[in-house]
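Here's a quick briefing to read alongside the model. Have the sequence and the 3D view open as you go.

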Amino acid sequence: MLTKQPAGFNLSWTQRRKLTGLLFVMPTVAFVTVFFIIPLIMTVYMSLHDWPLFGERAYIGWENYQELSNDRQYLKSLDFTFRYTVLVTPPIFILGFILASLVRHNIRYIGIFRTIFFLPVVIGLGVSSLLWVWMLDDRIGVFNKILLDLNLVPKAQLFLGRPNTTMNVIILSVVWKTVGFTMILLLAGLQSIPDELYESAEVDGAGYFRKLFYITLPLMRRFIALALILSVIGSVLSFDQFYIMTRGGPRNSTISIVFWIFNNSFTYFKMGYGAAMSIVLLGILVALTGLQLYVLREKE
Amino acid sequence: MSIRKSFLLVLTIVICLGALSAAAQDDEVNMTMWVRSIPFQTQALVDQWNANNDSQIELTVIPSGEFVTKMGAAIAAGEPPDIASIDLIYTPAFAAAGQLVDITEWVRQLPYVDDLTPAHMELGMYEGRNYAVPTGVDGSFIVYNIDLFEQAGLDPENPPSTWDEMLEAMRAIDALGDDIYGYWFSMACAGCNAFTFLPFIWASGGDVLSDDYSEATITTDPTVGEALAFYNTIWEEGLVPEGASIDNGSNFVSAFTGGNIGMAGMGNFAIPLFTNDHPDLNFGVFHIPGKEGGAASFGGGDVIAIASGSAHVEEAWRFIEWTMSDEAQIEIYAANGQIPVRLALEDNKYFEGDERQRTAASALRVGHTPYTTVYNDLFNDPNGPWLEMLQVAILDGDIEGALDLGQERFTQIMEG
């Protein structure tokens, strides 16, 4: 509240309230303007130009957008990114839910387990990707050591050498890295449900699955929506794990859409084209998020 | 990192650099110089210069992978460094965009102009004018393990000089044991193979680009397919460790230091590492041979240029000219195991006792570098056509398919 005012600076209570509110949101507005709105406008502007890293830039209208439909790798990358998203989301969710259920009640030492499950979230994705590259290595990696010692494989495996195994181990690494975050979101949802509901359901003779489908899941709708949206956005925008673990290989089979944008902008120096792809991706994400919010809306 | 974040990052860096260079504009001549993070003697050069001259140079080392992006951003912001040590393959692109100062008149007056490494001189030219001169030069060659050669009954004094001789040597070494292999290549590293595999094609009289660099000759030049078949044989017969197929270059140098690899493509940059960190490694060096003989090398490294807009063009040239002097080339370059940029200086007091360094230096006599403004897209990009073609041909064994694929994607990129 504004307690002291200069003389002659008379504001009504309502005006003061409004001003206070405005001052409170100003930092956010400024932040969003500088780091989102302005770059977004610049990106749109760039996307309408032939914009090399150095040399002359030229206005070309919608040409960058028209070129997209002829870009085979762009379509391949879209396909790959959505395939990856569809494959990686269920394990994160199911495992996240199981972990959240396991650490739900405040019993002794439960904090230790919550911490262990959450720990991978606090290291960066870049660091975790490097860590996994080492663990998956055919000569010094711990996975091959274990598999060889247990005689499960005849010789060291090149996990990142074939498209199928590559996808699987990357999903494994990402689930390990992100499941803790989903766990925390779902844990908050689980703990927001009053115990009385379960108790009365038990009195009525409801079993585990009935309670799950008629109490737990419906009441967690908002938390599920939040976790799902964050997880899907994260997967559609994935870059680090592919850039570090595979460099898009083997045989260019793991080039995600952001990876392709990065390549065009900073390897081929086609900044305008990269900007156009970014705008299209933004549109796709807005649509996807809208769809998820619609499906998971609170039904009155 | 999203585009937006990267863009902001670049923007921030540009602003910071702008502030820095503004602060540096004092009364005396202060120049800025950028170099990418490679182990050339640039810092030693700058220190020596600063100690003996009124004009001072402030050197900034930029991570190699980000050099061109940052240079481009700095140019766009109107604040490029005065002097830039640039990976030679990018020089045509920078010169074509009008970002480098034309130094033709000065270069022509150099008494040793015809003795400067030819690949680097060619890449430093654009439309008949000189924009850059060699500064950090390196050529590719083959290193071989003398101990393994002896154990396998091969004569280390007469290393292989054809592809068949190389294959025979690899087979003999490979037979020494389960953990011993004839060869090493990093088949998930695009740049490594431009450096060490292209010369096999060149030494046989072929190329992947036409003489005027205007079109791809992958399907029309039979040597390309033959060289791919040569490497495919190495892979099929298990003469390289299986992990070589997915090595992204992190083991490009270190694989050979294990002592269980018979031969590997290498550059001079690795020699000081081998001799200092692995004194037990008994190795020799020979030029990359063609199918039936001959020799070729990929001329790699950096050229040095003055950026357009520099306020100290003459002083910058004075520095550049000094870097090529006997004093700098022998007492800084050769003394530290770096190859001199003047061919005649391969005979110097520091290389005298070491045949390997002389051979490494002389590789640049047969050095060649593709001249194209889209080098990065064609050869260096880990997702580009060069590496994909190699992998499909060598690892999958589909040589015909790889050639068609390479020809198509090269042409697509070169036509823009």
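**Chain B against chain A**

Glu242(B) makes a salt bridge with Lys155(A), and their closest N and O atoms sit 3.2 Å apart; the term covers a side-chain nitrogen of Lys or Arg within 4 Å of a carboxyl oxygen of Asp or Glu. This is a predicted model, so to speak of local features we need pLDDT of at least 70, and side-chain atom pairs count only at pLDDT 80 or more, while totals for chains, interfaces and linings use all residues. Residues are numbered from 1 along each chain as its sequence is written, chains are lettered from A and ligands numbered from 1 in the order in which they are written, and side-chain values use heavy atoms, with hydrogens and water left out.

- Between chain B and chain A the count comes to three salt bridges.
- There are also nine residue pairs in polar contact across this interface, both residues being at pLDDT 80 or more (a pair of N or O atoms within 3.5 Å; within protein, one must be able to donate a hydrogen and the other to accept it, and residues adjacent in sequence count only if both atoms are side-chain atoms).
- On the side of chain B that touches chain A, the elements giving two or more residues are α1 (3-24), α3 (67-76), α4 (91-96), α17 (375-380), α18 (385-395) and α19 (399-414) of chain B; helices (H or I, at least four residues) and strands (E, at least two) are DSSP runs, numbered from the N terminus.
- The largest share of that side, five residues, is from α1(B).
- By class, that side of chain B has 13 nonpolar, 11 polar and eight charged residues (Ala, Val, Leu, Ile, Met, Phe, Trp, Tyr, Cys and Pro count as nonpolar, Asp, Glu, Lys and Arg as charged, and the others, Gly among them, as polar).
- In contact terms (heavy atoms within 4.5 Å), chain B brings 32 residues and chain A brings 35 residues.
- About 2,900 Å² is buried between the two chains, with carbon and sulfur atoms giving 60%; buried area is the accessible area (1.4 Å probe) that two parts lose on being put together, summed over both.

**Two domains in chain B**

- Chain B splits into domain 1 (2-138 + 300-368) and domain 2 (139-296 + 371-415), with bounds from an automatic or database domain assignment.
- Taken over C-alpha atoms, the centres of these domains of chain B are 28 Å apart.
- The area buried between domain 1 and domain 2 of chain B is about 2,000 Å², and carbon and sulfur atoms give 61% of it.
- Asp138(B), Arg356(B) and His368(B) supply 33% of the area that domain 1 buries against domain 2 in chain B, more than any other three residues.

**Local features in chain A**

- Helix α3 (residues 72-102) of chain A has 31 residues and should span 45 Å at 1.5 Å a residue, which agrees with its end C-alpha atoms being 45 Å apart; the expected span is 1.5 Å times one less than the number of residues.
- Asp71(A) caps the N-terminal end of α3(A), with a side-chain oxygen 3.1 Å from the backbone nitrogen of Gln73(A).
- Gly249(A) and Pro250(A) are joined by a cis peptide bond, with omega about -10°.
- Pro250(A) lies in the loop between α11 (240-245) and α12 (257-266) of chain A.
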